[in-house]
Amino acid sequence: MISGKKQTIRLFTYAQLIILILFTIVTIFAVYRLSNLGYTLENLANESMPNIAKAASFTNRIQSLSTLTSILTGSTSNPARQLAKQKVDKSIQLVNQSLLGTSDANSYLTRQLATLTQEINELDTLVEQRILQEHMLLKSREKFTYEFSKLFQSINTNIADNKLENKLLDILLLAMQIDQQTRMHALRQIESELAKKLKNAIDGVASSQINTKASLTDIQTHLIGNDGLVTQKIQFLKIVGRTRGRDSFVRNLIANVSSNLDYQNQLTNQSTLQAANKANDSATEYANITVIVGLFSFLLTLGIIYFLYKKIVSRLISLAQQVEMASEHNSTEIHINGNDEISQLAERFSLYLARMKEQESALLNMTLTDPLTAIPNRRAFEAQLKETMAIARRNEWWVSLFLVDIDFFKDYNDHYGHSEGDACLRLVANEIHKIMARNTDFCARFGGEEFVCILPNTNPNGAKLKAEAVRKAIMSLSIPHAKSAIGDTLTVSIGSGSFLFTQHDNWMSDIIFEQTDKALYKAKRNGRNQCDFFAIDE
Ligand SMILES: Nc1nc2c(ncn2[C@@H]2O[C@H](COP(=O)(O)OP(=O)(O)OP(=O)(O)O)[C@@H](O)[C@H]2O)c(=O)[nH]1
């Protein structure tokens, strides 16, 4: 029973707890999902987007590096070369700086850039060598041209040797081809031909012409000597070839870096796309799960509310209705099924109403009963008289009224004492009540030693018989009364009034009481221990 009493509170608490837990779970879930989504979006904003921007910047710089390398390779003077090299270095430095702090995936790119830097340095060295070699070639050519023109002039002025002149022109024409020639093999052929022609020219000069011979030998050295024009040209071509090769290698390397960057770009774009898709999937999944969880929570909350309504609210409403009905219909029937506080409350209400009813009837009884004789009192009489008169009017009955008064009761009291007087009153009351209460008659103590009887549907004849019966019954009690002036035992005088209301509908209870009292007064005046009758029917 004790645990049953707390069922409703427990039920209510559990329901609240379930709703609270449910909403806590939904909130934690929502925060967790939102933070995940937030992390993905943040990642997208902090990593993927800057990576895309960086990748674009790398591509631009690598492309500009290709152009700058071309300028470096094509440099024809050292200042131009140095300027181009500075720009190339700057560009590589910027690319390297951009690479700093990027992911491990770029380590290959970093190595590629290191190789590229090394190769560009070597290319720069080759370009420098080429410029130097070109410069030396120029100087050698100038020197040869100078020597040759000097020899030519000396031949013209000193000796008119057409043969030598023709040979020299031949050699000059061949020497001039050295400049135009870009193929090694052809240069070797020119060298071989020059060697022959020069030998022929030298051999053709008379030994007396020492200066001419010496000049020709110098020209021979300038042209085909170990450090001659042809050798220098060959050397120059070798450097040019190496420079081209290096340039081509550097360009390939740049193309590789560029394609690697493209690949990196693709990877970055892919990962960005994946991250965006993931964020989108997360958002969709979150929305779906939130809808499902929300719907589930809503249905569960509805279920709990319905359960609480059935278990608590509807039973409380029923209890309120039953309490209202019970108070309206003066009933004590309140019942609620179950074994919890509400059913206990209904039970208590029922008990409370029953007790109230008991107390009410006890109170009513007390107010309508004479405490000394335990028969109805004057208030009960007045109510009963009104009710009887109303019934009599409707049924056109006679109503008879007795006023019974103990004779010389003052003397009885004085002689036997007040408590004996009380006992005497109880005996008389009991006797009158015994006679009158056998049928629908009614008797009450009117006050003091006076009693009153109502006899519904009793005409004057009936009243006479009944009044006499009462008087004789009291005499039969043979209660000793030493101080009675009319005998040795206790007697009563009775005033009887009989009324038919057909003609006297306006007669009220106080009028008929007054008329009956007059009859009693007459009985007393006529000597007591007798009945006097009054009747009115017209
Ligand atoms: N013991 C007792 N006496 C009561 C009670 N009520 C009234 N009396 C007494 O009844 C007496 C009534 O006296 P009276 O009205 O003079 O009437 P009586 O002496 O009977 O004279 P008659 O009626 O003329 O014969 C009084 O002495 C009251 O004190 C009661 O409850 N108990």
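Start at Asp405: an N or O atom of its side chain sits 3.1 Å from an oxygen atom of the ligand, a polar contact in the sense of two N or O atoms within 3.5 Å. For Arg445, a polar side-chain atom lies 2.6 Å from an oxygen atom of the ligand. On its own the ligand has 660 Å² of accessible area (Shrake-Rupley, 1.4 Å probe), and the protein covers 68% of that.

This is a predicted model, where local features need pLDDT of at least 70, side-chain atom pairs need 80 or more, and totals for chains, interfaces and linings use all residues. Numbering runs from 1 along each chain as its sequence is written, and side-chain values use heavy atoms, leaving out hydrogens and water.

Of its 17 residues, Phe408, Phe409, Asn413, Asp422 and Arg445 come nearest. β1 (398-406), α11 (409-416) and α12 (418-436) each supply at least two residues, and α12 gives the most, with four. These elements are DSSP runs: H or I over at least four residues for helices, E over at least two for strands, numbered from the N terminus.

How do α11 and α12 pack? Their axes, lines fitted to C-alpha atoms over the stretch in contact, are 6 Å apart at an angle of about 130°. That makes the pair oblique, the class left over once angles under 35 degrees (roughly parallel), 65 to 115 (roughly perpendicular) and over 145 (roughly antiparallel) are taken out. Phe409, Tyr412, Asn413 and Tyr416 on the α11 side meet His418, Glu420, Gly421, Cys424 and Leu425 of α12, with contact meaning heavy atoms within 4.5 Å.

Definitions and conventions
A residue is near a molecule or strand if one of its heavy atoms lies within 4 Å of it. A polar contact is a pair of N or O atoms within 3.5 Å; within protein, one must be able to donate a hydrogen and the other to accept it, and residues adjacent in sequence count only if both atoms are side-chain atoms. Axes are lines fitted to C-alpha atoms, for helices over the stretch in contact, and angles run from 0 to 180 degrees between N-to-C directions.
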